[in-house]
Amino acid sequence: MENLELENKNIDEKKQDVRGKKIKKIGGVRTMPFILANEICDRFAGAGFHANMITYLTQVLNLPLVKASNTISNFGGTSSFTPLIGAFIADSFAGRFYTITIASFVYLLGMITITISATLPQLRPPPCPNRKNCVEASNHQLWILYAALALMSFGTGGLRPCVLTFAADQFDMSKHNNKKNWNFFNWYYFCMGMSSLLALTIVVYIQDNISWGWGLGVPTIAMGLSLVAFVLGSSLYRKIKPNGSPFVRVAQVVFAALKKRKLGPRPIDPRALYENRELDADITTKGRLVHSNQFKWLDRAAIVTDSDTKELKPDQKPNLWNLATVHRVEEVKTIIRMLPISSASILLVASNSPLQSFTIQQARTMDRNLTPAFQIPPATMLIFSTLTALTTVPLYERLFVPFARRFTGNPSGITCLQRMGIGIGINILSTIASAIIETKRKSVAADYNLLDEPTSVIPISVFWLVPQYCLHGLAEVFMAVGHIEFLYDQSPESMRSTAAALYWIAIAMGNYVSTVMVTLVHKCSGETRNWLPDRNLNRGRLENFYWLVTGVQVINLAYYVVCAWFYTYKPVEEIEVCDDVEL
């Protein structure tokens with residue numbers, strides 16, 4: 001905490017009157033309880049529902065396994081696509097504070113709707129304890145579910161790209177002020193892990209042992225309280241004023257470059273390209289991008305032609321659809337450079353998305369007794385992934401980073417790109433463990449003649465699943481945190497909400513690819529020994545699906561290594577922040 005207090009003193013913004021007396025401070029560590037309360041409760045609500053959603057769909061709404069898995073993947077994909085809309089609204093005109101506030105309210109409406117649907121008997125089909133000849137949820141019951149999921153997806157769209165960047169805005173994240181022993185992104189992920197831990201223990205237990213009404217009502221109440229807490233801290237926040245749509249700036253640069261594609265050779269000296277520091281002042285408060293030699297065809301947008309010279313006037317900005325500054329051109333180049341790295345997450349998510357649903361179904365068939373009177377809820381097994389992540393984050397920060405720093409000289413120990421690559425590699429080991437453990441589970445079921453008894457408990461401990469959960473949690477610490485830090489560090493400062501949306505867009509596309517992959521495997525693997533059966537997992541060949549996923553991830557790792565090898569970090573000239581606070 002001493003380091004946090006020092007950081008707080010260094011970056012707290014101060015407003016002073018004409019006499020030089022301090023009026024109030026904004027930003028810094030003291031804003032974190034209000035901001036993180038919102039994100040923690042969002043994660044608490046999301047983890048509490050998403051972790052056990054496969055149980056709700058298959059055990060309460062009586063949906064077939066593949067249909068339920070695809071519903072989860074499609075919901076995850078939509079929830080990860082909407083951040084693009086939220087980022088556009090935040091960066092264009094609303095700002096992150098108001099975007100987070102409105103999005104939290106919409107998310108809360110979705111949580112209230114799904115809680116009501118789980119509480120009223122007429123909104124769900126009759127129970128089916130033996131899992132045979134079950135009546136599926138009717139269309140109107142499913143449409144209520146889909147309406148609730150849609151509201152939650154749109155609410156998530158405003159929260160995901162904004163909360164992390166809004167929290168980071170409260171600190172000076174420039175390189176010259178980056179403390180070696182203070183990594184905001186690691187501790188942000190740690191807080192999110194703690195909220196998931198509470199959800200996977202308390203909420204999942206309530207859902208499986210008390211009722212789904214209370215199991216969804218508790219996170220709904222928490223989300224409502226988080227919204228109140230976030231609004232109460234309004235006067236303390238450092239609010240960056242939105243500087244217009246980044247999508248428009250990208251379009252202007254591309255249009256100007258295409259319009260000038262027939263010009264003669266590009267100027268050899270980058271100093272001949274157009275620069276206007278006054279014009280770019282609002283989007284370069286912490287540093288301006290300097291010229292790079294990649295994607296040179298975009299440099300044409302900054303070439304000053306004779307017609308541009310005639311239009312340029314001392315007190316008037318140029319037509320940005322005809323002439324762009326070097327900084328704006330480099331913004332587009334930076335985003336283009338980031339796309340291949342972010343796209344590596346697509347196949348990673350496509351591989352992992354169905355595994356969580358199937359693993360919970362595996363756990364349901366295994367011996368989950370801790371004592372004769374207490375069973376671990378299947379979804380609670382995810383706690384081992386979360387515990388691994390929570391344990392690894394401080395160890396990574398306190399042990400791995402200082403050790404790696406001795407060899408690399410990097411203040412962070414290793415680069416974001418190296419961290420992401422290690423995460424992808426560990427995730428491959430997790431999938432291999434999943435295939436081996438599923439083979440073991442089915443062999444025990446065969447030994448006890450339980451292959452045709454989908455509701456019977458197979459005498460094999462559920463703790464056989466722990467290794468794959470631990471490996472997955474370890475992979476998350478490297479891949480997820482590294483990816484988030486990479487996007488924040490490498491994105492142009494005025495596009496950070498948009499860059500954060502790239503993280504979720506990759507997840508969205510991965511979820512949709514997962515739906516296609518699961519559907520194709522289900523349709524093409526035959527009816528007698530289908531890899532992914534609808535009701536009886538014991539008669540499936542889930543281990544083959546895991547090996548297929550392993551092969552996909554190996555190909556993805558090779559693709560990522562190539563992209564990381566050729567990646568060029570953004571060229572930036574840092575400047576000292578004076579005042580970019582919205583009063």
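Is glutamate 331 buried or exposed? Glutamate 331 is buried, with a relative accessible area of 1%, where buried means under 20%, exposed over 50% and partly exposed in between, with a 1.4 Å probe and protein chains only.

Before I go on, this is a predicted model, in which local features need pLDDT of at least 70 and side-chain atom pairs count only at pLDDT 80 or more, while totals for chains, interfaces and linings use all residues. Residues are numbered from 1 along each chain as its sequence is written, and side-chain values use heavy atoms, with hydrogens and water left out.

The partner of glutamate 331 is arginine 249, and their side chains meet in a salt bridge at 3.1 Å, N to O, the term meaning a side-chain nitrogen of Lys or Arg within 4 Å of a carboxyl oxygen of Asp or Glu. Arginine 249 lies in helix α10 (residues 246–259) and glutamate 331 in helix α12 (residues 326–364), so this pair ties together parts that are 82 residues apart in sequence; helices here are DSSP runs of H or I, at least four residues long, numbered from the N terminus. Arginine 249 is buried as well, at 5% relative accessible area.

A second pair is arginine 419 with glutamate 485, whose closest N and O atoms are 3.9 Å apart. Here arginine 419 is buried at 3%, and glutamate 485 is also buried, at 12%.

For contrast, let me turn to glutamate 136 and lysine 67, which form a salt bridge at 3.6 Å, N to O. Glutamate 136 is partly exposed at 33%, and lysine 67 is partly exposed at 34%.

Conventions
Helices (H or I, at least four residues) and strands (E, at least two) are DSSP runs, numbered from the N terminus.
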